[in-house]
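Visitor: Could you walk me through this model, starting with the overall picture and then going into some local details?

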Amino acid sequence: MTRIRISNLNKVELWLLLVVITSLLFRAYVLKYLYPFPSEEILTIYKFNLWGFVVFGLLNPLLILVIGRRIFSLKVGIIAAFLYSISPWTTYLDVAGSIASLFLLGLLVGFTGILKFKRSLLFRVMLIFLGFMILLSSSDILKFTIFKNVGIINTVNQFRGEMNDSSYALLGKIVENRYVYILQYFSINFLRHFTPATYFTPENKIMGFSFSPPILFGFLFPFIIGLKSWFSLWKKYGLILFLIFLLFIPSLVSENSLSMSRLVIFSPVIFYTIGFGVDKILTTPHKYMVLLKNIFLVLIILQALVVLSDIAFREPVRIDMLRFPMLNR
Amino acid sequence: MITKKVFLILLFLILIGGLTRFVGLEKNPPSLNIDEVSNGYDAYSILKTDKDQYGNFLPLSFKSLGDYKPPVFIYLLVPSVAVFGLNEFSVRFPSAFLGTLSIPLFYFLFLQISKSKRYALISTILLSISAWHIFISRVGWDYMTGLFMTMVGIYSLFKMKEGRWYWALAASIFLALSVYSYQAPRLFTPLFILFFIKVYWNDLKNRKRKLTLFIITFLIIIIPFIFSFLFGLDKTRAQMTFITKDIEFVRNIAFTPLNNEGMNRFNIFTNGTFLLFFYWIRKFLAYLQPTFLFSTGLSLTRSGTLGLGVMYLFEIPPFILGLVKLLKDPFPNKNLIFIWIFLGLLPASLTQNEQHYGRSLLILPMVILISGIGVVSFFQILNNLRSIFRFIGISFFSILVVWNLLYAFLIFSVHFPIQREEDFMGGTKTAVLYVLDHKNQYDEIVFDPVRGIQGPYIVSVPDEYILFYSNYAPTLYQEELKVGNKSVFRFDKFTIRGIDWGGRSL
């Protein structure tokens, strides 16, 4: 039997090892501070337990790397997988055994099967089938729960009531009605999925309590640069880019749209985009680019340390204070 | 020189802008709020005695409600109060007047920046119907004065690059006045001047005499402010509203009380300083959220419902197109446009609470210009389409614009007076007028400052309303012995204090 030695591993395998170790370590770190809180206090959707962090923390970044390497490049794949492993957003949901992380796993498994790897057809069909089964088992996140939002209904009723008492009742019937309100609500929430604050600041608390940013702010700069790469890939990946938009829908139609939990299925796209950007920055020796790279690197390191200390000292207090009254589904 | 056609269009826009800013000025917003009555009475006091309500002779900052307000707006109120008397219209007149006057001013500013009549005119049309600008023009606060002074100053600054020496003088005077007009320019103006000089150094280095004149005059005028800010009470408002006082930050993020209880293992990373820095970034980016921009930014309705953003919903496609054009194509002064937005949001993001339409007002001109650029791009795209698609595009956009304007009208005239009346101290005037009518029948009249459904969270200052609506003689008020401390305040027959209502809720 051949013993596995670090020195025997090739470059890709070494990166894989690093990503997986980072992922598991960070998830274990989060779990250390959140696990003391008994899971029965949490609504049944989230249970801080081991299987979530091991399965998602291991498989999701691995598959992101494999897909990224196949479609884009090894570098983009590695960066995206690394970002998944250190993102507080994915980490919290993985650790909580979130159904959205499971859905993401299904998507990644199925997509890996669709890709033209040099494997047998049987293997690929099995992957697609497995992915489909996982998606089916976690299809709850596709539920159209937006109309359960009491806020919209109350708003519509209140506005209609005020309008009926006014001298503009007839005009109000035309200009203000439930369809208009819902369309407006939908449009604004749709746009919120495209703003930097959503992904790079804790504008929407993860799982309803965490003030960790979904992705560290310093990655905003490579993200913006990476966006340009998508435009140049439009011809090659137009269909994929179109399908990507479908990944917003579960979050858009959720009760408390926008939902950071449901939106996690879109996270690999953000990570790949950042990957493009980092790749571009590293290969562009322009002096402004180097300066910006250094500034944002400092920001990333600084915020990573702040987040780590925050998880250790403040997040448990936040959970204790809030006792999970509002899960951000 | 402007052509006759442009002149007529501007005249029409001034008319439209004037109507939307002046019609029903005394009725909507539904009542004078605490800052408006205080500003009004201070102006009345200056008019009658040359002193503010506290007896300070021509102050450079008004103690007002304890927040030490910038002086320019209150001094502008003095002629208005002299002409129209002390009432709702006179208190709001200067804002509405400057708001209307902004329409031609912004046209020339937009023209200066974009170097295109088309962009300037379209942007001015958007300004004349802008809900953000109209709302700010209809309230007796200092925001509009600050914006107006800053814009005149910046326009003069542009003219200084190529024009005569008096533009340098005008730029320095108006930019210095902006610092005395409202809080945001106190940070924005100096930084903007520095960036302006950096960006246009190639033009300015050949006009060193004008630049020197500008800098020296500006510094001379703002010296009293600097002195007062460093050693006086001018910084009170800034201190009161600084981001470190943000309730969400203190209570939910930093847990300030806990910092003192053994949370120093990682020391600098747990002490909240860096958390504050990243919280500031969050607040800054929150100003770019669509909710603020297009949905509820103006806070005309209760939070959590729908309302009006600082821009209209129909501006979403033009705004995006304008941004894309600015990022992709060459455009005059485009670096300055982005620097302007960054600097305009800086003071706002450094303050507590959620996004605020007043504190971020300085970005309004650039946001509208971007929309204007987008509208032009939108029609250029439509022009390249087949006629049927062009027709559909124009029809759809026109319907959207008409619907949105009607929707805004209904929000302004129906929902806003109902939903925000309490914040504008609705009902206080009625109570005060009743009390004044029956004043002679009582020895003592007690006012409970806790009021409304949301009380005791709403700060109420009934004394200011009594002073305002009774045109209380400032000489008497300044000299009167006002007995009181934090919870009890007395003058004339009036006592302002909490009342024990015997458990009955208001």
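Guide: What follows is a conversation about a predicted model, going from whole chains to single residues.

Visitor: Let's start with chain B, then. How many helices and strands does it have?

Guide: Chain B contains 22 helices along with three strands. Its radius of gyration is 24 Å, close to the 23 Å that the globule rule gives for 506 residues, so chain B is as compact as a globular protein of that length. Taken along the principal axes, the box filled by its C-alpha atoms is roughly 80 × 55 × 50 Å.

Visitor: And what share of chain B is buried?

Guide: Buried residues account for 55% of the 506 residues in chain B. As for contacts with a separation of 6 or more, 73% of those in chain B are between residues 24 or more positions apart.

Visitor: Switching to backbone geometry, which peptide bond in chain B is cis?

Guide: The bond from Asn28(B) to Pro29(B) is cis, and its omega is near 5°. Pro29(B) sits in the loop between helix H1 (4-22) and helix H2 (34-49) of chain B. For background, most peptide bonds are trans, and most residues other than glycine have a negative phi.

Visitor: Is Asn353(B) buried, partly exposed or exposed?

Guide: Asn353(B) counts as partly exposed, because its relative accessibility is 39%, and that category lies between the limits of 20% for buried and 50% for exposed. Asn471(B) is another residue other than glycine with a positive phi, in this case near 50°. Asn471(B) is found in the loop between helix H21 (462-469) and helix H22 (474-479) of chain B, and with a relative accessible area of 35% this residue is partly exposed.

Visitor: OK, over to chain A. What does its secondary structure come to?

Guide: Chain A has 17 helices and zero strands. Of its 329 residues, 53% count as buried, and among contacts between residues at least 6 apart in sequence, 76% join residues at least 24 apart. Chain A exposes about 15,800 Å², with carbon and sulfur atoms supplying 71% of that area.

Visitor: How does the span of H3 in chain A agree with what 1.5 Å a residue should give?

Guide: Helix H3 of chain A, residues 74-86, has 13 residues that should span 18 Å at 1.5 Å a residue, and the end C-alpha atoms are 18 Å apart, which agrees. The buried residues of H3(A) include Val76(A), Ile79(A), Leu83(A) and Tyr84(A).

Visitor: Last one: what is Ser251(A) in contact with, leaving aside its neighbours within four places in sequence?

Guide: With those neighbours set aside, Ser251(A) is in contact with His193(A), Ser257(A), Leu258(A), Ser259(A), Arg262(A) and Leu263(A). Ser251(A) belongs to helix H13 (residues 249-252) of chain A, and at 0% relative accessibility this serine counts as buried.

Conventions
Residues numbered from 1 in each chain as written. Chains lettered and ligands numbered in written order. Predicted model: local features only at pLDDT ≥ 70, side-chain atom pairs only at ≥ 80, totals over all residues. Heavy atoms only, no water. Helix = DSSP H or I, 4+ residues; strand = E, 2+ residues; numbered from the N terminus. Rg over C-alpha atoms; globule rule 2.2 N^0.38 Å. Buried < 20%, exposed > 50% of the residue type's maximum accessible area, 1.4 Å probe, protein only. Contact = heavy atoms within 4.5 Å. Expected span 1.5 Å × (residues − 1). Areas by Shrake-Rupley, 256 points an atom, 1.4 Å probe, with all protein chains shown as cover.
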